[in-house]
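This report describes selected strand pairings, side-chain contacts and surface features of the structure shown below.

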Amino acid sequence: MLKVGDKAPHFSLATDSGETLSLKDLKGKTVVLYFYPKDMTPGCTQEACDFRDAQAKFKKAKTVILGVSKDSVVRHVSFKEKYGLNFPLLSDEDGKVCEAYGVWQQKSLYGKKFMGIVRTTFIIGPTGKIEKIFEKVKVKGHSEEVLESL
């Protein structure tokens, strides 16, 4: 499991704009990398909209927001357009980045066990090291909590 002070695992993923974004492209910037289970679901929509609404404050703090799920680029485009999201969504369809960050875990719902993304946010500093980890995130108030820790 990753911990504060570790070098953030490298990634290079397709974005909703059809480009590829790599962590190395963001060197020198603070990055909020948040992993969420699925586009268009209530909790994930609320989390994305809260980050959207706080975007100006994050920009003022010189921070880039990136959302990651295993949804396809096409689904990300629909999600972003429907809710007017103003930050990149990254597609990790093969789950390698989710695994590298340790967010692909066993979950349970109504007594059924299954593998899925555990809602987790990482703050990656300008040098590429993890500065803060928010595990098993509760959506309500999360974007403010992240802002306060910057």
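Four residues separate strand 1 from strand 2 in a hairpin, and Gly 18 in the turn has a positive phi of about 90°. The model is a predicted one, in which local features need pLDDT of at least 70 and side-chain atom pairs count only at pLDDT 80 or more, whereas totals for chains, interfaces and linings use all residues. Residues are numbered from 1 along each chain as its sequence is written, and side-chain values use heavy atoms, with hydrogens and water left out. Helices (H or I, at least four residues) and strands (E, at least two) are DSSP runs, numbered from the N terminus.

Strand 1 (residues 12-15) runs antiparallel to strand 2 and is joined to strand 2 by three bridges; two strands are taken to pair if DSSP finds at least two bridges between them. Within this pairing, Ala 14 stands opposite Thr 20. Strand 1 also pairs with strand 5 (residues 89-91), in the antiparallel sense and over two bridges. Here the bridge partner of Ala 14 is Ser 91.

## Ser 22 in strand 2

Ser 22 belongs to strand 2 (residues 20-22). With a relative accessible area of 7%, Ser 22 is buried; the classes are buried under 20%, exposed over 50% and partly exposed in between (1.4 Å probe, protein chains only).

The side chain of Ser 22 makes a polar contact of 2.7 Å with the side chain of Ser 12. Such a contact is a pair of N or O atoms within 3.5 Å; within protein, one must be able to donate a hydrogen and the other to accept it, and residues adjacent in sequence count only if both atoms are side-chain atoms. Leaving aside residues up to four places away in sequence, Ser 22 touches His 10, Phe 11 and Ser 12, where contact means heavy atoms within 4.5 Å.

## Salt bridges

Side chains of opposite charge can pair when their charged atoms come close. A salt bridge is defined as a side-chain nitrogen of Lys or Arg within 4 Å of a carboxyl oxygen of Asp or Glu, and by this rule the count is seven. One of them links Lys 3 with Asp 6, the closest N and O atoms being 3.6 Å apart. Lys 3 is exposed, at 52% relative accessibility.

Asp 71 forms a salt bridge with Lys 38, with the closest N and O atoms 3.6 Å apart. Asp 71 lies in the loop between strand 4 (63-69) and helix 3 (73-83), and Lys 38 in the loop between strand 3 (30-35) and helix 1 (42-53), so the pair ties together parts that are 33 residues apart in sequence. Asp 71 is buried at 6% relative accessibility, while Lys 38 is partly exposed at 40%. Arg 75 also forms a salt bridge with Asp 71, at 3.5 Å between the closest N and O atoms; Arg 75 is partly exposed, with a relative accessible area of 31%. Through shared partners, salt bridges join Lys 38, Asp 71 and Arg 75 into one network.

## The hairpin of strands 8 and 9

Strand 8 (residues 120-124) and strand 9 (residues 130-134) pair in the antiparallel sense over four bridges. Phe 122 stands opposite Ile 133 in strand 9. Five residues lie between the two strands of this hairpin, and Gly 128 takes a positive phi near 90°.
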